[in-house]
Structure formats: structure tokens, C-alpha cells
Amino acid sequence: MLPPELWLEIFEWAADNDNLACGSSKPFEPIPGTTQDPGLQVRLALFSVCKTWQRWMARILYKDIKIGRDTYSLQQTLGKHEQSGPRYGEMVRRVVLPYQSTVAGPSRSLKSIGILKLCPNLHTLVRPQHSFLDRMQFDYEAEAIELPRLERLHWWHHNEAERSGGINSLGVVLRGAPNLRYLFIGGAVSTSQIRMEAEQMVLSKLELLRLHIKSGLLLRQILSRWSLPSLTHLTLDSPPVKDGLNAIWETFGQQLEVVEYGRHVHFLMNDDLSPCLEGCPNLKELDYHVFFTLPADSSQSHANLAVVGLHSHANVLLSDGGSLWKLIEHHFEMLCGPGLSALQRIVLYGSWRSVLNHPRFRPIQKKLNGSGRILQLAQVQGDPYIEQVM
């Protein structure tokens, strides 16, 4: 019979939950809310074995919850104490809060807010993307809540919900989360309802901002009314409105150390890398998708860029082999050039075997050898820089 300590360790490994990652983000993580949790069924299966396993699994299972329709039962459970231990609500680290659960009535009282109040150690809050088939009406002001320990916020904009304020308004939630370090905003487009913030938004600890928006109004608020003194990492899953990138570099360029471009075909239509290198003099890492990004000018120079991450995700719009290789060659022409004097590593993400083994890669390999740069394959888990290609 194994001791409980070993069983708990086994459960932790078996029920591993990537959603609860609290450390620094890795390059090319999926857009928040677009992937299923593969470990959920495993956790539920272990929880259902017996009462002893239920007790052992409680700390793991209740770390990550989704507020659904049966809010009464969930609220009752989270308010209970584990045997000789804390309340179940104190175990919660991540909450998924669908907009269906925050439609307020005349009293503004929301059971979902009551659930959040039972979770004092909340680290991550997710407002998931809503279905356009859901015809929800937000006719009453929603209740707000302070989230002093919140560090990660994944926010998919809901046009109708935003106007009800409180927990449904991005601005209100941000003002109640002074320790936020990671912020993703998605779904806001040109016609989106955005509450104008009269006062400056100060997010003094925010380190990473990830944007998947097409709203000039929201981008203007971020650039002109937000104070982000700790921001060093910017991820762009899609290009902002026209001239938005130049405005971003003018506002935050001096402080950015990591910039990542998402898998969006519009990044293939314009050279967005060169303005980034010009506008971010302290940049240390640049990550992008090779087949979704136009190469930077080969004469581009940068004194501090040390790492470039390249992802090989296929672009269905590029089917001709000759065009694909020209794109690869143009990217490496810049990466092998003398302008990037501090560049040390080029890290490959995704599947690169067919490229590395192709005869047309041999001249690129010679250039890399001559430049003294290391080419490495990234690993999905653990230390990403474990396998040196050359």
C-alpha cells in the first residue's frame, strides 16, 4: 500500500493542468480559450473512484473551476471546509466565467460574484469567447468585485456585456486587479462598445500584454490612457488597425524586450518586422511564424536582439514549394547577416525536419556556421533549448 504522499504526487502528474501554469509564458502558446483541457476527464475519473481519492483529489480538482448554470451547488460546495483543512473556495486558482453567468437583474446581485468572493486566492480569471448565437441581454448594471491577488486575465470582449459595467467591463475589472501581470484581450473590433475611461489606468505590475483586437478605440485607450511601467513582453495575435503598430512602437518600444507575432496572414502582406526592430532598441527576443510573416530588410541592424524564435506552422495560401523556399531563404538572409550583432540563438518551433534535411538548406547552414549563430530545436515541455541542430 502506497503512502498518501506518493499517491498525491502520482495524481499531480496524472492530472497535470497546463491552464494553471503560473510562470513566465513560452513562445507560441495557443490563443487563450481556443483549446480544450485534455486532463479534465482524467481528473474527474480519479475523483470518482472512491471517497478517499475524492479527498486526495480535491486540492487538484478545485484549483480550476468553470462557473456554469448550477451556481447554487457550486457556491455551496466552495463554502464548505475540507476535512481538517481550508474551505474548497480557498483552493481555487483559476476560474472560467462565461458571460451567461453574469447577466444581472434589477438587484444587480449575481451568484457568480458570490462564488468569486469565496475564492480569495484566485490567480487566473477567464472570460471566454461567446457564441454569436447566444442572444443575451445585459439591461442592468452588473456588480463589480475586487480581485487583489489576480495575476492573469484572459478577456474575450462581449459588446453587449461591456455596457453593463461591473464584472462585464474590462476597465472595471482591471481597476480591481492591481497585481495583474498577464493580460490577454481578444474579440474587440471596430464596432465594439468600449466604456471610455476618464482617469488613467495604472497597471504597475503588468509584464505581458497580448492583443487579438481590431478596435482603434480600445487601442487608443491603451496607448494614451494606460500606464504600463513594467511592460516588457508584447504578443500580437493579429495586426491592429491601420498605423496601429507604429503607434505601439512609439509608446512602448523603448521598454519592450520580447515581441511575438501571431499566425495571421496579414503579417505576410507588409514588412512589420523592420519597424519593430527600429522602434524597439532594447529588444532581446523576437518570435514569429516563418510562413505568415514577411521577412525584414536584410540590411536591418539591431544591437541587442539575442534570440529569434521561428515557428513552421503551414500556411495553406502558400502551396508552391519554390515560393516557400524563397521565403525561408529571405528570412535566414536577415538572420545570418552582420546587422544583428548580438544574435546568438535561432530556436525552431514546430516541425522542421523536412526543411533541415532538404538540399536547399545546406547553403543556409553554411551561412549560419559562418555567422557563429546556434540553431536549436525547441521542446514542447521542459527546457526549450535542449537540442542543438548545428
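This is a predicted model: local features need pLDDT of at least 70, side-chain atom pairs count only at pLDDT 80 or more; totals for chains, interfaces and linings use all residues.

Student: Which hand does the crossing of helix 8 and helix 9 have, left or right?
Tutor: Helix 8 passes helix 9 in a left-handed crossing.

Student: And which residues meet there, between helix 8 and helix 9?
Tutor: From helix 8, the residues are Leu-219, Ile-222 and Leu-223. On the side of helix 9, they meet Gly-244, Ala-247, Ile-248, Thr-251 and Phe-252.

Student: Which residues of helix 8 are buried?
Tutor: Leu-218, Leu-219, Gln-221, Ile-222 and Leu-223 are buried in helix 8. These buried residues pack against helix 9 and also against strand 5 (182–186), strand 7 (208–212) and strand 8 (226–227).

Student: Where is Asp-243 found?
Tutor: Asp-243 is in the loop between strand 9 (233–236) and helix 9. Its phi is near 65°, a positive value in a residue other than glycine.

Student: Is Asp-243 buried or exposed?
Tutor: Asp-243 has a relative accessible area of 52%, so it is exposed.

Student: Let us change topic to helix 11. How many residues does helix 11 have?
Tutor: Helix 11 covers residues 321–335 and has 15 residues. From its first C-alpha to its last, it reaches 21 Å, close to the 21 Å expected at 1.5 Å a residue.

Student: What happens at the start of helix 11?
Tutor: A side-chain oxygen of Asp-320 reaches to within 3.3 Å of the backbone nitrogen of Gly-322 there.

Student: Which residues of helix 11 are buried, and what covers them?
Tutor: The buried residues are Trp-325, Leu-327, Ile-328, His-331, Phe-332, Met-334 and Leu-335. Their cover includes strand 11 (285–289), strand 12 (307–311), strand 13 (345–349) and strand 14 (374–377), together with helix 12 (353–356) and helix 13 (362–371).

Student: You mentioned strand 11. Is His-289 buried or exposed?
Tutor: His-289 is found in strand 11. Its relative accessibility is 5%, so it counts as buried.

Student: What is His-289 in contact with?
Tutor: Leaving aside neighbours within four places in sequence, His-289 is in contact with Phe-28, Tyr-261, Gly-262, Arg-263, His-311 and His-313.

Student: Where does Phe-28 sit?
Tutor: Phe-28 is in the loop between helix 1 (4–14) and helix 2 (40–47). At 14% relative accessibility, Phe-28 counts as buried. The phi of Phe-28 is near 60°, a positive value in a residue other than glycine.

Student: And where is Phe-292?
Tutor: Phe-292 lies in the loop between strand 11 and strand 12. With 9% relative accessibility, it counts as buried.

Student: What does Phe-292 contact?
Tutor: Apart from neighbours within four places in sequence, the contacts of Phe-292 are Arg-263, His-264, Val-265, Phe-267, Leu-268, His-313, Ala-314 and Asn-315. Phe-292 and Ala-314 are 22 residues apart in sequence, and their C-alpha atoms are 8.4 Å apart in space.

Student: Next, helix 5. What does Ser-112 touch?
Tutor: Ser-112 lies in helix 5, residues 111–117. Not counting residues up to four places away in sequence, Ser-112 touches Ile-67, Leu-97, Ser-101 and Thr-102. Its relative accessible area is 1%, so it is buried.

Student: Where is Cys-119, and what does it touch?
Tutor: Cys-119 lies in the loop between helix 5 and strand 3 (124–127), and at 4% relative accessibility it counts as buried. Cys-119 touches Leu-78, Gly-89 and Val-92, not counting residues up to four places away in sequence. Cys-119 and Tyr-88 are 31 residues apart in sequence and 8.4 Å apart in space, C-alpha to C-alpha.

Student: Finally, how many helices and strands does the protein have?
Tutor: The protein has 13 helices and 15 strands. Of its 390 residues, 49% are buried. Among contacts between residues at least 6 apart in sequence, 74% join residues at least 24 apart.

Note on methods
Residues are numbered from 1 along each chain as its sequence is written. Side-chain values use heavy atoms; hydrogens and water are left out. Helices (H or I, at least four residues) and strands (E, at least two) are DSSP runs, numbered from the N terminus. The expected span of a helix is 1.5 Å times one less than its number of residues. Buried means under 20% relative accessible area, exposed over 50%, partly exposed in between (1.4 Å probe, protein chains only). Contact means heavy atoms within 4.5 Å. A polar contact is a pair of N or O atoms within 3.5 Å; within protein, one must be able to donate a hydrogen and the other to accept it, and residues adjacent in sequence count only if both atoms are side-chain atoms. A crossing is left-handed if the near helix is turned anticlockwise from the far one by less than a right angle, and right-handed if clockwise.
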